[in-house]
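Visitor: I am new to this structure, and I would like to understand the words used for it. Could you take me through them with some care?

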Amino acid sequence: MVDATTKQGTSVWLDALTIAQRPGLPGDHEADVAIVGGGFTGLWTAYYLSLLDPSLRIVVVEREYCGFGASGRNGGWCVGELAASIEKYAQRDGLEAGLRLWRESFDSVDEVGRVVATENIDCGYEKGGTVRLARNAPQATRQRAEIAHLHSLGITEDEIRLLTAEEAKALVNATDVHSGVFHAPSAALDPGRLVRGLADVIEGRGVVLAEGTEVTAIEPHRVMTTHGTIRAEVIVQATEGYTRDLPGQRRTLIPVYSLMIATEQLDQSVFDEIGLAGRPTFSDDRYMVIYGQRTEDNRIAFGGRGVPYTFGSGISRSKENQPKYHELIRQSLVALFPVLSEAKITHRWGGVLGVPRNWTPAVRFDRSSGLAIAGGYVGEGVAAANLAGRTLAELITGTESERVDLPWVGAEWPQWEVEPFRFIGVRGSRALLGLADVLENRRQKEAKFAAKLAAYVRG
């Protein structure tokens, strides 16, 4: 239920916080490492750099405030998973390396838990796993094939396993459950409290945080801002969905909108009916992605990829408040849990995530130019950004570890097509995936042609 009191355009995570923007860069600045972007990637990089070499002069530059972007607006899924498959990374360095990368992403979930405990960051971290439901016969067929394939590659039952309908409903008592997948390395958390808490921690360690400072260009050993120029041996670009704002990078990562809603705090009787004990995050296996969690204060925070891509990789605050698409997300939530049909929606918001042309998250560092970049998480960045930041810090400091030669290190992103071909391809694949979901629900048969054509169009 949405009414006049529903807060529009503000994430439930950030609304609970008092945010005072830190001072901007006071002028020209000298540093050892300059980090562009005050989200998870930038802050984790700064955190691990400050641990590995406390003598480093580190500055983080953020146009708005730390956590303003996707890091403060996402679904709070700290899930050990990467958008690219094991096989995609194995093409670079072999299956063993691909598996190693995936297991490092699994371990990053525990690493986040370790850091929030060590640094006393209260963000409602709870490792309850992720449950992906199959809610029609085609989704169940895909789940069986997926788990058999992952196990053939070396993923274990303890890591990812198939659930019967009864097992899945015991965890997430949604409608029309045929089966499920349990992804053990996953935690629910409050991303707003995590990103703001992490910013406070690194500031306490001597990292300079310059908020309200717009970066106009990045060059080797130099960052130009509206407040002055930063000269540094190393420049880390951690701009994700906002990469398109930098000169010459409009086609590097495209911004894709995801929208969310949050319910009022719910009575225990509601959870007695729908489950979610232990706070597993949840979704189903439709092509048009949905995702949700039970928050620490007993709301449901729920989202989906709703707003179509904007021509020219456009970003607009008006896109974050789209009543039509927010209502579709609410309807999807009620279809899962009919008991929520009268639950009040207290917040609705949105934000952009970064998508590379090959849908492959990557970490890169060129010591000669001093330029580093990480991102392209395709909406799975809460845990992946921790791994990326830790890896970048080790690469920059020359620290030997099991992470510095993982197959996403050095992976390249091909450029997206020029417009209007980019618009046609992205919008077209979205329409095809939506059609596949409709056909599968109606016919209870896999819509293979539409799904394969969408995969081909989007690469």
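Guide: Let us begin with what counts as a helix: helices are DSSP runs of H or I with at least four residues, numbered from the N terminus. The model before you is a predicted one.

Visitor: What separates Trp44 and Tyr48 in helix α2?

Guide: Trp44 and Tyr48 are 4 residues apart in helix α2, which means that about one helical turn separates them.

Visitor: Why is the pair of Trp44 and Tyr48 called stacked?

Guide: Rings pair if their centres lie within 6.5 Å, and planes under 30 degrees apart count as stacked. The ring centres of Trp44 and Tyr48 are 5.8 Å apart and their planes stand at 25°, so the pair is stacked. Trp44 and Tyr48 also form one aromatic cluster with Tyr47.

Visitor: How do you know that the rings of Phe282 and Phe302 are stacked as well?

Guide: With ring centres 6.2 Å apart and planes at 20°, Phe282 and Phe302 fall within those limits, so this pair is stacked. Phe282 belongs to strand β14 and Phe302 to strand β16, so the pair ties together parts that are 20 residues apart in sequence.

Visitor: What makes Phe282 a buried residue?

Guide: Buried means under 20% relative accessible area. Phe282 has a relative accessible area of 1%, and therefore counts as buried; Phe302, with 0%, is buried too.

Visitor: How do you know that the charged end of Arg357 sits over the ring of Trp416?

Guide: One condition is that CZ of Arg is within 6 Å of the ring centre, and the other is that it is within 35 degrees of the ring normal. The charged end of Arg357 is 4.9 Å from the centre of the Trp416 ring, and it sits over that ring.

How values were computed
Residues are numbered from 1 along each chain as its sequence is written. This is a predicted model: local features need pLDDT of at least 70, side-chain atom pairs count only at pLDDT 80 or more; totals for chains, interfaces and linings use all residues. Side-chain values use heavy atoms; hydrogens and water are left out. Rings of Phe, Tyr and Trp (its six-membered ring) pair if their centres lie within 6.5 Å; planes under 30 degrees apart count as stacked, over 60 as edge-to-face and the rest as tilted. Helices (H or I, at least four residues) and strands (E, at least two) are DSSP runs, numbered from the N terminus. Buried means under 20% relative accessible area, exposed over 50%, partly exposed in between (1.4 Å probe, protein chains only).
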